[in-house]
Amino acid sequence: MEIIVSSPAASKEVDKEAESEQKLSGEDVEIKTFEMKRELGFTSSIAIIIGTIVGSGIFVSPKGVLQRTGSVALSLIVWVGAGLIGLLGGLCYIELGTLIQKSGGDYTYLKAALGNIFAFEFMWVSVIVGKTSSLAIMTLTLAEYVVTFFGPCVNTEALKKMIAAAAVVLVGIVNCYSVRLAARVQVLTTAIKVAALVIILVGGVVMLFEGKTENLKTGFSGSTDSPSQIALAFYGALFAYDGWANLNNVIEEVKDPAKTLPRAIVAAILMVILLYTLTNVSYLTIMTSTELLESDAVAMLWGKRVLKSAAIIMPLSVIASTFGSSNGSAFTGSRLIFAAARDNNLPAFLSYIHVKQRTPLTSTIFTIAVALLMIAAGDVFSLIDFLSFLGWLFYGLNFSAVVILRFKMKDAPRPYRVPIIIPIVMTVVSIYLVIAPIIQSPKMEFLYAFLFLLGGLVFYFPFVYFKLKFPGIDKFTMWSQLLLEVSPTDHHED
């Protein structure tokens with residue numbers, strides 16, 4: 001006899017009934033619970049990291065770093081330096097991910113080290129603004145490039161929103177269908193974007209061998225001597241590297257995470273450092289600093305000059321790149337919602353997985369629904385701008401979590417131990433990156449961000465701390481299980 005556990009509260013009752021029935025009938029009883037499959041190997045893990053790091057930015061507008069540093073040589077140093085900072089951060093997350101092998105990434109580590117209220121605040125920012133608005137922005141960027149093929153007559157905001165919404169829905173279908181399909185899409189789109197960057201950097205190398213070095217020879221000429229400007233240049237480059245921690249969000253679906261996680265994070269970040277640096281060298285070989293600063297689509301200008309009639313490769317690459325980033329963002333973001341709901345920080349049904357496909361169906365649908373609302377609203381770019389610095393606030397808390405957990409979980413097995421000086425240094429770097437933009441350019445938006453954090457507490461205390469429920473939530477949960485064929489996992493917390 002097989003019994004399917006249909007809700008966390010029911011599981012204990014099912015166990016008792018099954019035990020009694022077994023005693024009466026002498027029949028073997030199997031209590032069937034559900035967990036997600038480990039489908040992500042080394043290749044797909046690297047694809048998730050690179051695919052979420054490399055979006056449209058490196059193709060479209062890498063001018064921010066050059067603008068703030070003022071010189072070719074210093075801008076390249078910043079690109080390499082930001083990548084190394086990302087690598088050091090990645091080493092911290094390797095220890096956290098191999099120590100606590102539960103999906104949710106930052107959320108899970110903050111809960112273990114600092115308590116549930118810090119984990120909830122991270123979830124509040126990420127779910128309401130971070131992950132979902134990033135997904136909306138990426139698909140809107142994709143739409144910008146798709147409409148260029150239709151001509152100016154149909155280049156309307158309504159059409160862009162429709163294309164972006166269609167892309168979000170397609171991403172949702174892929175992620176709901178199976179982990180394997182989502183991983184294959186990620187590998188394919190990552191291969192396309194890496195191939196496009198390789199074309200750019202090879203073109204630059206060819207031009208260098210042909211003697212086109214006059215732009216690079218300017219070296220440090222024009223370099224800024226302002227520490228705050230250099231800090232902001234690093235801030236922009238680090239934003240381009242953001243995504244190196246995304247594999248930690250889906251650790252429960254990674255094969256042999258103790259081996260795969262460290263190898264994938266280190267390999268992916270080193271590859272991105274190489275790609276970003278050589279791509280910028282290629283840009284600066286083909287065009288002058290002035291031309292680069294005046295261009296909003298650097299790769300497009302590069303393609304026209306080097307590829308000529310084959311320049312269409314560039315917009316197609318941007319479309320593939322943004323779709324891959326959207327897929328990766330939905331994949332990892334839905335797991336954050338899944339982990340938070342499993343801990344009762346969100347309604348429990350958002351942690352339910354499909355009984356056959358073993359995908360987090362309800363959290364994926366929720367992610368897609370919120371992203372669609374943001375696309376409809378339209379003005380998500382300004383929202384993400386003034387809250388982006390909060391990302392490094394939570395990074396800093398997670399770097400400090402490495403040190404805290406050395407004491408709180410001192411006897412727990414650690415397949416990998418980062419040298420303790422690294423999380424300490426990274427915590428200091430994070431504090432600096434949070435404070436620098438506020439000091440450089442204090443704005444009301446930073447106050448709004450603080451108020452947004454406080455707003456999370458308005459929901460935390462009644463619905464999480466005091467465990468109040470929305471009327472009808474139990475009936476809604478029951479019907480969602482019946483309609484969507486979903487069930488809680490066997491890791492659900494009461």
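Me: How many salt bridges does the count come to in this chain?
Reply: Good place to start! This is a predicted model, and a salt bridge here needs a side-chain nitrogen of Lys or Arg within 4 Å of a carboxyl oxygen of Asp or Glu. By this rule the count comes to eleven.

Me: How many residues apart in sequence are the parts that R180 and E39 tie together?
Reply: The side chains of R180 and E39 meet in a salt bridge, at 3.0 Å from N to O. R180 sits in helix α9, while E39 belongs to the loop between β2 and α2, so the pair ties together parts of the chain whose separation in sequence is 141 residues.

Me: Is E39 buried or exposed?
Reply: Buried means under 20% relative accessible area. E39 has a relative accessible area of 19%, so E39 is buried.

Me: In which helix does the salt-bridge partner of E253 lie?
Reply: E253 forms a salt bridge with R335, and their closest N and O atoms are 2.7 Å apart. E253 lies in the loop between α10 and α11, so its bridge to R335 ties together parts 82 residues apart in sequence. The helix that holds R335 is α14.

Me: At which residue does helix α19 bend?
Reply: Helix α19 has 22 residues and reaches 31 Å from its first C-alpha to its last, close to the 32 Å expected. A proline, P462, follows within four residues of the bend. The bend is about 30°, and its place is F459.

Me: Is T285 buried or exposed?
Reply: T285 has its place in helix α11. Among the residues T285 touches are G204, M207 and L208. The relative accessibility of T285 is 1%, and the cut-off is under 20%, so T285 counts as buried.

Me: How many disulfides does the count come to?
Reply: A disulfide is a covalent bond between the sulfur atoms of two cysteines. Here a pair of cysteine sulfur atoms has to be within 2.5 Å to count. By this rule the number of disulfides is zero.

Note on methods:
Residues numbered from 1 in each chain as written. Predicted model: local features only at pLDDT ≥ 70, side-chain atom pairs only at ≥ 80, totals over all residues. Heavy atoms only, no water. Helix = DSSP H or I, 4+ residues; strand = E, 2+ residues; numbered from the N terminus. Expected span 1.5 Å × (residues − 1). Bend = angle between axes of the 7 residues up to and from the residue. Buried < 20%, exposed > 50% of the residue type's maximum accessible area, 1.4 Å probe, protein only. Contact = heavy atoms within 4.5 Å. Lists of a residue's contacts leave out its neighbours within four places in sequence.
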